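Welcome! Please take a moment with the sequence and the 3D view before reading on.

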Amino acid sequence: MRDANFLIENNARHMWHPMAHPAEMQAMPPKVITAGAGVHVTDVEGQKTLDAVGGLWNVNLGYSCQPVKDAIRDQLSDLPYYSAFRGTSTGPAIELSYELREWFEPDGLTRAFFTSGGSDSVETALRLARQYHKIRGDRDRTKFLSLKKGYHGTHFGGASVNGNANFRRNYEPMLAGCFQIPCPHIYRNPFGESDPAKLAQLCAAALEDEVAFQGADTIAAFIMEPVLGAGGVIPPHESFMPLVREICDRHGILLIADEVITAFGRTGAWTGSRLWGVKPDLMCTAKAITNGYYPFGAVMIAEKVVETFENNDDAFGNIGHGYTYSAHPVGAAAALATLAETKRLNVAENAGARGDELLAGCKGLMDKHQIVGDVRGKGLMICLELVADRATKSAAAKSVMGDVFEKTYGAGVMVRVSSNNVILSPPLVITSDDVATIVAGLDHGLSAAG
Ligand SMILES: Cc1ncc(COP(=O)(O)O)c(C=O)c1O
């Protein structure tokens, strides 16, 4: 690799960054990360920070997971690529499908469809949901319902079910037939409701109302994150997802759990669906499936959907969907090693325990820093929402968010700033000492707000 001066000089000059304004990136170039070890990353200036972002909600086992690195190296040497399109398969893909079936057995999911990442997994689930109804002769069931504030990636299907204008406005018109209902978000909801259980009822009633308005026989699926992530870490009341499951069942609507963040332990349970005691019809996974070391994802499929496809004997059952890199053998080998390590280290338990500590630590910062309007989370997904005024809940200024980020970074902790939210999603292997370091770093960073 070229030297540090070259990297600094050319940083953001010849590439556009995802989720950023190109001009802003040129004016304020991003941190250049050059190394990672354990739960820390180091930048081109030599500054080491505790990565409280966990890459991007995906490096659950940290940066030094040797079994995953070895599996990638060995698979690259044995067979760096072969396709899984009709007619061929590979050993790692077959073995992974077997392991995932065991892994997701408690969720009632028995088949895998492999993808190259989260957006692909969402796109796949939406398409399979429509196809499921077509096979059954319900050809009008094409619409999708979802939650405001939800995030489902950036393909046109996923962006169309997203519940945040930031990811939609510049790309409209979106896919027809997608409708959002209010999100069970205590801090900001249209009902002015502060009781979580009552709010869950109100949002479920809004879903019921939308189903009646659209006509149940026109709706293919409802998609939701069990704990909303990118929209600002919103854990719904425990009754909400079961209520949604019941409504979907009653109306013949499929339930897609978008677990791109929550699968594999982040909430303190092995899946978000399991956390709430719900069995979805389709589950989207990606990110931590390979510990972030290789772009890969899997849509897991419930028996009800499996039977419909596998018992079909006409062209409606044919899957006209897939990616060149679906079931990539190197990704599958990485996933196999990641699953084994994830299980061996029992990271879900640590995510639950460290998550409670981190949430308590962040809540403690509210006494000292008026700018913190709300702290919420579940397991190791936590958000501090920063406001200019606690009474009106008006968002903290962008410049303030930038200052908080820089000052926290200077104190040795990497966090993610998204609109007026500071989002924490550290590796699931962090210790109590790491939690204390994150809270101390934030304490220092928040003082930037005065
Ligand atoms: C819930 C959810 N779904 C889908 C996606 C999209 O995944 P990817 O960025 O890998 O395409 C994300 C990404 O953060 C996500 O959080």
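Below is a short tour that goes from the domains to a few strands and then to one pair of helices.

This is a predicted model. The protein is divided into two parts: domain 1 covers 31–61 + 346–449, and domain 2 covers 68–344. Let us start with how these parts meet.

**The two domains**

- The centres of domain 1 and domain 2, taken over C-alpha atoms, are separated by 27 Å.
- Contact between the domains involves 26 residues of domain 1 and 24 residues of domain 2.
- On the side of domain 1 that touches domain 2, the elements giving two or more residues include the helices α3 (54–57) and α13 (347–368).
- The strands β11 (372–378), β12 (381–389) and β16 (421–424) also give two or more residues to that side of domain 1.
- Which element gives the most to the side of domain 1 that touches domain 2? The answer is α13, with five residues.
- By class, the residues on that side of domain 1 are 12 nonpolar, nine polar and five charged.

**Strand β3 and its partners**

- Strand β3 (residues 48–51) pairs with strand β2 (residues 40–43) in the antiparallel sense, over three bridges.
- Within this pairing, T49 of β3 is the bridge partner of V41.
- The hairpin of β2 and β3 has four residues between the strands, and G46 there takes a positive phi near 95°.
- Strand β3 is also joined to strand β14 (residues 413–414), by two bridges.
- Do β3 and β14 run parallel or antiparallel? They run parallel.
- In β14, V413 is the residue that stands opposite L50.

**Helices α6 and α11**

- Helix α6 (residues 118–135) packs with helix α11 (residues 303–310) at an angle of about 55°, and their axes are 10 Å apart.
- Why is α6 called oblique to α11? The angle of about 55° lies between the limit of under 35 degrees for roughly parallel and the range of 65 to 115 for roughly perpendicular, so α6 counts as oblique to α11.
- The crossing in which α6 passes α11 is left-handed.
- From α6, the contact is made by L128, Y132 and I135; from α11, V305, T308 and F309 take part.
- The contact of α6 with α11 has five nonpolar residues and one polar residue, with no charged residues.

Note on methods
Residues numbered from 1 in each chain as written. Predicted model: local features only at pLDDT ≥ 70, side-chain atom pairs only at ≥ 80, totals over all residues. Axes fitted to C-alpha atoms, helices over the stretch in contact; angles between N-to-C directions. Parallel < 35°, antiparallel > 145°, perpendicular 65-115°, else oblique. Left-handed = near helix turned anticlockwise from the far one by under 90°. Contact = placed C-beta atoms within 7 Å. Nonpolar A, V, L, I, M, F, W, Y, C, P; charged D, E, K, R; others polar. Domains from an automatic or database assignment. Pairing = 2+ DSSP bridges.
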